[in-house]
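Let's take a walk through a protein model together. Have a first look around, and then we'll go through it piece by piece.

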Amino acid sequence: MMKTYNWGIIGTGSIAREMAAALTACRGTVYGVCGTSREKAERFAAENGVLHAFADGAALLADENVDIVYIATPHNMHFDYIRQAVLAGKHVLCEKAITVSSAELEEAAALAEEKGVVVMEAMTIFHMPLYKKLKEIVDSGAIGPVKMISVNFGSCKPYDVTSRFFRKELAGGALLDIGTYAVSFARYFLDERPDTVLSAVKRFETGVDEESGIVLMGENGQMAVIALSMRAKQPKRGVVAGELGYIEVSEYPRADRAAIVYTADGRREEITCGDSKKALEYEVEDMEKAVSEHLVSESMALSREVMWLLSSVQKRWEEQELRTEQGGQKDVPVLHI
């Protein structure tokens, strides 16, 4: 029988509330929570049935009864909390994007290995039952060798320069907020990590990336094309195209259904698996299984490769912008507003 784990939540925003509900559905209760103040933590605890409210992260992490920590803060705070939690001997499930750079994630992964704890990203795509089923279908050869993946994600955030989505110091911007879903989708179905990264970016007035186009390609010739926007709505749609057909997934971050269209006769096959409403419950189940069975998280390897790709995109933008400032020729356009 699997041990009952005590979870502590760091953060009191909307996603933290969703996780509290998921933990309650899975385990009946949540052990503790902390926020930016004791008052916020106490209010969150009262509204979400959490047993203990802590003044800050240090107090929560000092409680020896806490087994697993869920980090639901802005991106720029993830690494520091991961590090503190691992040093305190806690297992960690951290919201996406798990860190703001590949260097941070590699350091966190090495520290987790040294301390013998599990660190995992709360990336729904890596935990939804549908994706495990779709991967089996792709691996079976049903759509032939994968050639091209296309992924879109566009949200239309209200114009607000003070919002975390547009604040550079909080690691705002489309890439780390929604782009991590798109790149995770692409990497999940690619046979290997791409080694060629091309991108063009349009900056918001605060300096964060408002929209971008990204092309990824591996040595094997597989390609992924990604379009992201923070001020223009796009369908959340991912397509995995092979020689014999393609898989289309709508609302892909928490998808529980997909369609396969076969090239030869145009036949359409519907695939359903899991429940989108239980997306965070699947994360809890995978996390507790990894902790209970002392497993090295399979999804963590994917998270590390995705973060490498995200950092490569950011580096590409910086290089292009530096050349532009120095009066050089841009090989891929970089737009500013």
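**A guided tour, starting with a ring**

Let's begin at Tyr188, which is buried, with a relative accessible area of 11%. "Buried" here means under 20% relative accessible area, "exposed" means over 50%, and "partly exposed" is in between, using a 1.4 Å probe and protein chains only. Before we go on, keep in mind that this is a predicted model: local features need pLDDT of at least 70, side-chain atom pairs count only at pLDDT 80 or more, and totals for chains, interfaces and linings use all residues. Residues are numbered from 1 along each chain as its sequence is written, and side-chain values use heavy atoms, with hydrogens and water left out.

Now look at Phe189, which also counts as buried, at 1% relative accessibility. How do we talk about two rings like these? A pair of aromatic rings is described by the distance of the centres and the angle of the planes. The rule used here is that rings of Phe, Tyr and Trp (its six-membered ring) pair if their centres lie within 6.5 Å; planes under 30 degrees apart count as stacked, over 60 as edge-to-face and the rest as tilted. By this rule there are 11 aromatic pairs. In one of them, the ring centres of Tyr188 and Phe189 are 5.2 Å apart and the planes are at 80°, so this pair is edge-to-face. Both residues also belong to one aromatic cluster, together with Phe126, Tyr131, Phe153, Tyr181, Phe185 and Tyr252.

We say a charge sits over a ring if NZ of Lys or CZ of Arg is within 6 Å of the ring centre and within 35 degrees of the ring normal. Lys157 has its charged end over the ring of Phe165, 4.1 Å from the centre. Arg193, meanwhile, lies over the face of Trp308, at 3.5 Å from the ring centre.

**Into the sheet**

Time for the strands. Helices (H or I, at least four residues) and strands (E, at least two) are DSSP runs, numbered from the N terminus. Strands of a sheet pair through backbone hydrogen bonds, either parallel or antiparallel. Two strands count as paired if DSSP finds at least two bridges between them.

In what order do the six strands of the open sheet come? The order is β3-β2-β1-β4-β5-β6, with parallel pairing. At the edges are β3 (50-54) and β6 (119-122), each pairing on one side only. From one strand to the next, the twist averages 20°; for such angles, axes are lines fitted to C-alpha atoms (for helices over the stretch in contact), and the angles run from 0 to 180 degrees between N-to-C directions.

Find strand β1 (residues 7-10): Trp7 and Ile9 point one way, Gly8 and Ile10 point the other way, and all are buried. With β4 (residues 68-71), β1 pairs in the parallel sense over four bridges. Within that pairing, Gly8 has Val69 as its bridge partner, and Ile9 has Tyr70. β1 also pairs with β2 (residues 30-34), again in the parallel sense, over three bridges, and here Ile10 is partnered by Cys34. To get from β1 to β2, the chain goes through helix α1 (residues 14-27), in a right-handed β-α-β crossover. Right-handed means that, with the strands pointing away from the viewer, the path from the first strand over the helix to the second runs clockwise.

Next comes β5 (residues 91-95). Five of its five residues are buried, so this strand is largely enclosed by the rest of the structure. His91, Leu93 and Glu95 are on one side, with Val92 and Cys94 on the other. β4 and β5 pair in the parallel sense over four bridges, with Ile71 standing opposite Cys94. The chain runs from β4 through helix α4 (residues 78-87) to β5, and this crossover is right-handed. β5 and β6 pair in the parallel sense over four bridges as well, and Leu93 stands opposite Met120 in β6. Here the chain passes through helix α5 (residues 102-115), in another right-handed crossover.

**Out to the surface**

Finally, go to Glu318 in helix α9 (residues 298-325). Is Glu318 buried or exposed? Glu318 is exposed, with a relative accessible area of 52%. Glu318 and Ala45 are 42 Å apart in space, C-alpha to C-alpha, and 273 residues apart in sequence.
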